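Please open the structure in your viewer and keep the selection tool at hand.

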Amino acid sequence: MNICVVGTGYVGLVSGVCFSEVGHHVTCVDQDEHKIKQLIAGRSPIYEPGIEELLVKNQKNRRLRFTTNLKEAMDKANLVVIAVGTPANEDGSANLSFIESVAKEIGDHLTSYKVIVTKSTVPVGTGEKIKNWIQEQCGKMAFDVASNPEFLREGTAIYDTMHMERAVLGVESEKAKELLIELHKPFNTNLVITDLATAEMSKYAANAFLATKISFINEVANVCEQLDADVTKVAEVMGLDPRIGSAFLGAGIGYGGSCFPKDTQAFIQMGQSAGYSLKIVPEVEKVNFEQRKRLVMKAKQAFGVEGLRGKQIAVLGLAFKPNTDDMRAAPARDIIPMLTGLGAEVRAYDPVAMQAAVSYLPHITFASSWQEAARDADAVMILTDWKEFKELNLNELKDELASLIVIDGRNLFDPQLMKHHGFYYDSVGRAK
Ligand code: UGA
């Protein structure tokens, strides 16, 4: 198949690369010339394990191309995939201005029948709007609009796409259905064929449900702390029930990233404008933010009456999750200002996200290793579950620290072991 992907952000780039990897011919378009040059040179603008190998390989075998010229990219394509960003408006609703301008430009260049597929996360009804925007420009030229939301996770995006568990095909015509089935054939995955609105809704429902699972287990964790139960074991028991499933029951400091916070907000807005006020999802968001505050309170508690003023805190982990340098809605961006607001001094280390973090966290210092961050610190606070931190040598940590306090927002260590080593160790949903 010949595919044109518009937008080389996370979704567009990963989809384009993976479509070419399974044998389709793909042209990715972006208006950012610098980005396109970088991609042609085989360098990925996003940190994503495995992506650069596929970028180089599939450009070499000529199945993958990059350009800033949409008209040229659309020329031979039977499918045009829209994968541009939908940032949040001030009220939390999704901003469709990028989608609108791309749809209009597609309409301008439409010279033969094509299926225009939306992969960006868009509110229900956007497919209809896209149809109108294209139509306004292209007049009587035949085309179909389809919805094919993306479920990949950052950090495992290539794996998730190559091994997708399902694909939702929101279609309005047989022709569009057939083309999307052909697109997905090499992935050998479960296909759910539906209408546009249902496909669009499924993405919000899936993300809101996963966010709910996280806030739910965080609340369980908070009760566990009061009653000396262990949330990790509770989650293990719950997860063994296939009706519940073990994924996304990791208690901690709440979700971050570019998707859950934005999509839960947009879902609430979407419900509201459709005449239904969601009740669970707004509470999920509140619990999520409270969870950040609780970790700061744990740090404060560790120092008793002395409080945090003047204390040197080593923060390990800044990215919203491991294997990414993404700082969007990262818990660190809420937690660190709370710590400094209470008078603490923060020295932070993250294996890849420090460069991305600088502009968000101007009042802290950065270290080039966890050892340097921990050197003579009064406490360590863990905010991202990087493997490097899970595997750190506790004796080495003891040698670096001025006082043996570890506040762990990601439950990386066994509380018994930490006690045995002489640490004051406070984590989430487990006895101190
Ligand atoms: C999420 C979804 O998992 C993807 O399916 C979806 O396609 C994507 O959003 C999107 O809408 O584009 P992502 O934001 O990359 O993917 O990251 P996740 O792995 O889902 O993690 C989100 C946050 O939840 C992280 O901050 C993570 O630390 C937190 N989390 C996750 C927990 O606190 N506990 C858990 O048990 C799992």
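**Two domains**

Begin with the whole chain, where the C-alpha centres of domain 1 and domain 2 lie 33 Å apart. To colour them, select residues 2–194 for domain 1 and 196–432 for domain 2, bounds that come from an automatic or database domain assignment. Residues are numbered from 1 along each chain as its sequence is written. Keep in mind that this is a predicted model, in which local features need pLDDT of at least 70 and side-chain atom pairs count only at pLDDT 80 or more, while totals for chains, interfaces and linings use all residues.

**Where the domains meet**

Turn next to the boundary, where 26 residues of domain 1 are in contact with 24 residues of domain 2; two residues are in contact if their C-beta atoms, placed from the backbone, lie within 7 Å. On the domain 1 side, select α6 (126–138) and β7 (166–170), the elements that give two or more residues to the side that touches domain 2. Helices (H or I, at least four residues) and strands (E, at least two) are DSSP runs, numbered from the N terminus. By class, this side of domain 1 has 11 nonpolar, 11 polar and 4 charged residues, where Ala, Val, Leu, Ile, Met, Phe, Trp, Tyr, Cys and Pro count as nonpolar, Asp, Glu, Lys and Arg as charged, and the others, Gly among them, as polar.

**Around the ligand**

Now select the ligand and the 21 residues around it, of which E154, G250, Y255, G257 and C259 come nearest; a residue is near a molecule if its C-beta atom, placed from the backbone, lies within 6 Å of it. Which domains supply this shell? At least three residues are drawn from each of domain 1 and domain 2, and the elements that give two or more are α9 (196–227) and α11 (260–274).

**Two helices**

Keep α9 and α11 selected, and you will see that they pack at an angle of about 120 degrees with their axes 9 Å apart; axes are lines fitted to C-alpha atoms, for helices over the stretch in contact, and angles run from 0 to 180 degrees between N-to-C directions. Y204, N207, A208, L210 and A211 in α9 meet F260, D263, T264, A266, F267 and M270 in α11, a contact that divides into 8 nonpolar, 2 polar and 1 charged.

**The sheet**

Finally, select the open sheet of 6 strands, which has the order β11-β10-β9-β12-β13-β14 with parallel pairing; two strands pair if DSSP finds at least two bridges between them. Its edge strands are β11 (365–366) and β14 (424–426). Helix α12 (residues 280–302) packs on this sheet, where it touches β9, β12, β13 (405–408) and β14.
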